[in-house]
Amino acid sequence: MDELIRLRLDVSYDGTDFSGWAPQPTRRTVAGVLIETLALVLGAGTATGLTVAGRTDAGVHATGQVCHLDLPADVWREHEGRLLRRLARLLPTDVRVRAMTEVPADFDARFSATFRRYEYRVTDAPFGAEPLRRHEVLAWPKPLDLAALNAAAGGLVGEHDFAAYCRRKENATTLREVTRLDWRRDPDGILVATVQADAFCQAMVRSLVGAMLVAGDGRRPVEWPGSLLTQQARSSEVTVAPARGLTLVAVGYPADPADYARRADLTRRLRVPIKG
């Protein structure tokens, strides 16, 4: 068997015109476009095992997505000096591979990850979102109070069963540890929620944001989002915030490459496959 080289890819994309990350036979997806473009450059089937840190949903963006794939060592040695620029020429403008790095064979973009960090952007300006930012900023129809948003966020930090905020999958746990959840208002007036956890279940981030927003505009008390954590099933009271405001901004990994395999083994024991 030919020697294989594992590569880490750092990827950014505008999710507006993608039906999410995962390949789908009749839909345009980020993984589908990457596989097609790699096949054009290297030959069909040369790059194998494409695995992503977080399978973002339709319309969700990324500035810090991470994935890995395997290439025959001789192919990588032949192309490594120019592969990034060749991909830049052939990929559509709404997806970029920003870096390709050789990593140990036990690096797993999905299971070796220690955290995922998302940001969600909202404007409460009376005129709505600026036209050039309409694909990444949600326009909220009511004024939002920053202190109320942060008070609501405080009740959601920590390790909890987030069943009320997740689309449950069979045999999948909804236990997650949210290590950071806070809001800021940038100088341009945009409100930004930063959400970090060891992992997220499907629609969890947008559900959390949806609950916090109705607390932030005064329609619910600030304690309400946290009170839903006692529920054992998805709450029908929570509205999922639209995808366009959400961006995956960072994925963390152990500082020591020797810990990649250990982290992957731990993650596999703790939970079944995850979706960001």
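**Exercise 1.** Find how many residue pairs are in polar contact across the interface of domain 1 and domain 2, then work out what else joins the two parts.

*Solution.* 
Step 1. Start with the count: eight residue pairs are in polar contact across this interface, both residues being at pLDDT 80 or more. A polar contact is a pair of N or O atoms within 3.5 Å; within protein, one must be able to donate a hydrogen and the other to accept it, and residues adjacent in sequence count only if both atoms are side-chain atoms.

Step 2. Sort the residues on the side of domain 1 that touches domain 2: five are nonpolar, seven polar and three charged. Here Ala, Val, Leu, Ile, Met, Phe, Trp, Tyr, Cys and Pro count as nonpolar, Asp, Glu, Lys and Arg as charged, and the others, Gly among them, as polar.

Step 3. Know what you're working with. This is a predicted model, where local features need pLDDT of at least 70 and side-chain atom pairs count only at pLDDT 80 or more, while totals for chains, interfaces and linings use all residues. Residues are numbered from 1 along each chain as its sequence is written, and side-chain values use heavy atoms, with hydrogens and water left out.

Step 4. Look at the contacts (heavy atoms within 4.5 Å): 15 residues of domain 1 meet 16 residues of domain 2.

Step 5. Now the area. The two domains bury about 1,100 Å² between them, 50% of it on carbon and sulfur atoms. Buried area is the accessible area (1.4 Å probe) that two parts lose on being put together, summed over both. On the domain 1 side, Asp57, Val60 and His61 lose the most area to domain 2, together 38% of what that side buries.

Step 6. Finish with charge: the domains share one salt bridge, meaning a side-chain nitrogen of Lys or Arg within 4 Å of a carboxyl oxygen of Asp or Glu. Asp57 pairs with Arg206, and their closest N and O atoms are 3.6 Å apart.

**Exercise 2.** Count the salt bridges in the whole structure, and then describe a few of them.

*Solution.* 
Step 1. The search turns up 17 salt bridges. Side chains of opposite charge can pair when their charged atoms come close.

Step 2. Take Asp94 and Arg28, whose closest N and O atoms are 2.9 Å apart. This pair links distant parts of the chain, 66 residues apart: Asp94 is in the loop between α3 (83-90) and β4, and Arg28 is in the loop between β1 (4-13) and α1 (30-42). Helices (H or I, at least four residues) and strands (E, at least two) are DSSP runs, numbered from the N terminus.

Step 3. Check how covered the partners are. Buried means under 20% relative accessible area, exposed over 50%, and partly exposed in between (1.4 Å probe, protein chains only). Asp94 counts as buried because its relative accessibility is 16%, while Arg28, at 32%, counts as partly exposed.

Step 4. Move to Arg184 and Glu119, with closest N and O atoms 3.8 Å apart. Arg184 sits in strand β8 (residues 175-185) and Glu119 in strand β5, 65 residues away. Glu119 is buried at 13% relative accessibility, whereas Arg184 is partly exposed at 31%.

Step 5. Follow those two further: Glu119, Arg121, Arg184 and Asp186 are linked in a network of salt bridges.

**Exercise 3.** Which backbone nitrogen does the side chain of Asp108 reach?

*Solution.* 
Step 1. Asp108 is in the loop between β4 (95-103) and β5, and it counts as buried at 11% relative accessibility.

Step 2. The side chain of Asp108 reaches the backbone nitrogen of Phe111, at 2.8 Å.
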